[in-house]
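Hi,

Here is the structure I promised to pass on.

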Amino acid sequence: MKVMMNTGRTVDQGANVENKRSVAYRDETSTCFMHFFDMMELGIDEGENVLVASPYGRVVLTAAADDLIKPGTIFVPYGPYANHIIGGETHSTGMPDFKSTEVTVDATDEPRRTIYELMEELGGLPYDH
Amino acid sequence: MIIKDTVCPFCGCLCDDIEVTVEDGKIVATDNACTLGTSKFLGDHRMKSPIRRVGKEWKEISYDEAIDYTVDMLLDADRPLLYGWSGTHGEAQCVGVHMAELLKGVIDNTSSVCHGPSILAIQEVGHPGCTLGQVKNRADIIIYWGCNPIDAHPRHLSRYTRYANGFFLENSFRDRKVIVVDVRKSQTTNLADEFVQIKPGCDYAVLSALRAIVRGKGDDLPRTVGGVQREQLFRIVDLCKKAKFGAVYFGLGLTMTAGKYKNIRNAIELVDELNRHTKFTISAMRGHYNVYGSNEVNTWMTGYPFGIDFSRGIAFYNPGETTAVDILARKECDACLIVASDPAAHFPRPCIEHLAEIPVVQIDPYANATTAFCDVQIPVGITGIDAAGTAYRMDGVPIRTKKVLETAYPSDEEILGSVYARIQEVRQP
């Protein structure tokens with residue numbers, strides 16, 4: 001399913017932004033808020049995983065029904081999961097398309113990864129001390 | 001011990017009425033702070049000492065060793081990028097600008113990925129803004145456009161708008177109208193007297209339609225603009241023109257979507273049109289607590305607010321070319337010093353892929369996503385908690401933040417000062 005991805009601040013994302021290794025931060029930033037109708041079309045229930053892909057990458061998120069979200073759009077809190085599939089083009093402004101990236105969403109059995117697993121994929125070394 | 005009138009170091013509201021309870025060298029409680037502020041004051045899991053990546057392992061090192069590595073990395077680089085700065089105080093930002101100039105590097109702050117486009121628009125058409133106190137005491141109409149203060153600036157409504165009684169507004173909730181414009185419903189839209197839901201990417205068109213109505217050209221509009229009924233647009237303009245004092249606050253819903261700085265320019269020009277009928281102001285909802293200060297410090301020192309390139313020996317500014325996302329995505333910089341921010345969590349993927357290929361030093365109290373790409377990380381005190389300094393509120397008012405906790409951590413300014421002094425020894429003997 002093709003949708004427009006919006007990203008933004010949520011209280012739970014902001015409250016845990018200084019503790020990015022916390023489960024609370026990981027859970028919040030890897031949530032794909034979407035309208036119940038879109039979840040029905042994908043045949044998924046609350047808490048099941050979705051594969052979200054763009055021309056820049058793919059990432060597994062956990063779906064959450066939210067009737068504040070318009071059908072045809074998804075909302076993902078700011079963070080490493082959303083940015084895993086956002087491109088670096090800024091249209092000569094310095095600002096990427098954080099709130100207007102076209103993505104596809106599909107049901108998946110793949111597990112959601114941790115933030116450090118995402119960082120490892122991009123060449124980083126986890127720090128778990 | 002209770003410390004009153006502490007300044008919150010989370011968002012651009014810089015709430016200065018926080019009461020912090022300190023016991024046994026730890027903050028154990030806060031009063032008046034929102035969820036975001038409380039979590040920052042009560043935060044733990046600080047990094048204990050500087051670390052260095054050695055192969056596939058992390059090794060603890062001394063502050064002297066960490067400073068040595070940072071100095072060598074910066075002196076060896078042909079095009080160093082010095083990025084972040086919004087979570088630290090003005091004094092440290094000053095050192096950063098001096099250092100960037102001496103290194104002939106690029107210095108950019110997080111505004112390039114938040115309100116940088118707003119500044120571009122302000123450079124084109126000016127900024128009819130005012131302080132938060134003016135809004136609290138005078139504004140009888142508030143428009144929140146593309147922002148969600150309930151989640152991002154939780155006390156903005158209670159201190160300055162929806163719930164704040166003011167000198168000329170004895171009953172704010174009754175006397176102040178609040179309009180929220182957004183592409184999605186949110187907790188903030190639930191509190192609005194009028195919610196305008198627009199189609200994603202249509203902010204520019206809706207702003208233009210409102211300008212047309214203010215100018216008396218509304219009859220030419222189609223039945224809907226950007227998903228908004230014409231009647232609703234007329235109603236909003238009517239409310240605005242009848243107001244004694246209006247204030248527009250806009251967020252990243254305008255800066256991060258298609259049109260970017262042109263959206264803001266159109267919003268400022270709408271405010272300009274409204275000022276022919278009544279008094280209206282517009283201001284950005286600045287996010288990171290001292291991001292505004294970073295723009296101020298850069299502008300005093302270089303003439304430019306962010307994305308400043310010293311490679312020519314003079315300050316050069318061209319957003320889209322000299323901004324951090326572009327420089328990283330083009331794989332242009334060959335070393336990166338990151339101060340008080342976390343680009344690995346907040347930058348697009350191609351930027352992070354380049355961070356993995358170059359030497360990186362981060363100065364930050366906590367391990368974060370960027371830690372995974374560091375060669376060295378240097379933990380420091382948190383400005384506003386265990387380091388004092390100057391920060392700018394979202395309306396441009398400088399406020400001195402307090403030190404409420406004694407710790408052994410050096411401040412950003414101390415670490416950067418040591419690095420800068422060593423660079424001076426080599427470049428300015």
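Predicted model: local features only at pLDDT ≥ 70, side-chain atom pairs only at ≥ 80, totals over all residues.

Residues are numbered from 1 along each chain as its sequence is written, while chains are lettered from A and ligands numbered from 1 in the order in which they are written.

Chain A first. It has five helices and six strands (DSSP runs numbered from the N terminus: H or I of at least four residues for helices, E of at least two for strands). Starting at the N terminus, the order is β-α-α-β-α-β-β-β-α-β-α. The radius of gyration of chain A is 14 Å, which agrees with the value near 14 Å for a compact globule of 129 residues (taken over C-alpha atoms; the globule rule is 2.2 Å times the number of residues to the power 0.38). Of the 129 residues in chain A, 52% are buried, meaning that 20 or more other C-beta atoms, placed from the backbone, lie within 10 Å of the residue's own.

Now the interface. On the chain A side 49 residues are in contact with 56 residues of chain B (contact means C-beta atoms, placed from the backbone, within 7 Å). β1 (2-8), α1 (11-15), β5 (73-77), α4 (80-83) and α5 (115-121) of chain A each give at least two residues to that side. By class it has 21 nonpolar, 22 polar and six charged residues (nonpolar is Ala, Val, Leu, Ile, Met, Phe, Trp, Tyr, Cys and Pro; charged is Asp, Glu, Lys and Arg; polar is the others, Gly among them).

The largest nonpolar core has 171 residues, and A:Ile74, B:Leu210, B:Phe250 and B:Ala267 have the most contacts inside it. (A core is a set of buried Ala, Val, Leu, Ile, Met, Phe, Trp, Tyr and Cys residues joined through C-beta atoms within 7 Å.) At least three of its residues come from each of domain 1 (47-114 + 289-427) and domain 2 (116-284) of chain B, with bounds from an automatic or database domain assignment.

Those two domains of chain B have centres 34 Å apart, taken over C-alpha atoms. Their contact takes 12 residues from domain 1 of chain B and 10 residues from domain 2 of chain B.

Cheers

Definitions and conventions. Contact = placed C-beta atoms within 7 Å. Buried ≥ 20, exposed ≤ 12 C-beta atoms within 10 Å, placed from the backbone.
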